[in-house]
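This report covers salt bridges and nonpolar packing in one protein model. The sequence and structure come before the details.

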Amino acid sequence: MQNLVEAERTYHEKCLGLAREASATSVDGAVTVPYEEESSISDDNLPKSARILYDFDASDKSEISVLANEIVVVVSEVDSKWVLVEKGEEKGNVPKSYLEFE
């Protein structure tokens, strides 16, 4: 199970890195805007809290570092793979697959 979790985490980190590279690319001086998937569920239907399943280290200012078993408040769904959460006075994105919704 741990190997699966690590493989998924590595996959998410690589995808995030590729998305950042793509969003930083400009063509003829025009900055590209990263594609965002349409949310699969409305924010109104999101559970209000979730338990963190795995440690997650933020890799940029839009993310938040969390530890396994912490309880966070789910603010909104960013896309099908990421959610915005609040921990104390901090807010940031974490992979949705790292959460157990309560």
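E100 is partly exposed, at a relative accessible area of 37%. R51 is likewise partly exposed, with a relative accessible area of 22%. Here buried means under 20% relative accessible area, exposed means over 50%, and partly exposed lies in between (1.4 Å probe, protein chains only). The model is predicted: local features need pLDDT of at least 70, side-chain atom pairs count only at pLDDT 80 or more, and totals for chains, interfaces and linings use all residues. Residues are numbered from 1 along each chain as its sequence is written, and side-chain values use heavy atoms, with hydrogens and water left out.

**Salt bridges**

Side chains of opposite charge can pair when their charged atoms come close. The criterion for a salt bridge is a side-chain nitrogen of Lys or Arg within 4 Å of a carboxyl oxygen of Asp or Glu. Searching the whole structure gives 4 salt bridges. The table lists some of them, including the pair of E100 and R51.

| Pair | Closest N and O atoms |
|---|---|
| E100 and R51 | 3.1 Å |
| K91 and E86 | 4.0 Å |

E100 and R51 form a salt bridge. This pair links distant parts of the chain, 49 residues apart, with E100 in strand β7 (residues 99-101) and R51 in strand β3 (residues 49-52). Strands are DSSP runs (E, at least two residues), numbered from the N terminus.

K96 lies in the loop between β6 (90-95) and β7, and E77 in strand β4 (residues 71-77), so the pair ties together parts that are 19 residues apart in sequence. K96 counts as buried at 17% relative accessibility, and E77 counts as buried at 6%.

In the salt bridge between K91 and E86, K91 is partly exposed at 48% relative accessibility. E86 is partly exposed at 27%.

**Nonpolar core**

A nonpolar core is a set of buried Ala, Val, Leu, Ile, Met, Phe, Trp, Tyr and Cys residues joined through side-chain atoms within 4.5 Å. The largest one has 13 residues, of which F56, V66, V72, V85, V94 and L99 touch the most other members. Strands β3, β4 and β5 (82-87) are the elements that give two or more residues to this core. Its largest share, 3 residues, comes from β5.

Which residues does V85 touch, not counting residues up to four places away in sequence? With contact taken as heavy atoms within 4.5 Å, V85 touches I64, V72, V73, V74, V75, E90, K91, G92, V94 and L99 under that exclusion.

Notes: Helix = DSSP H or I, 4+ residues; strand = E, 2+ residues; numbered from the N terminus.
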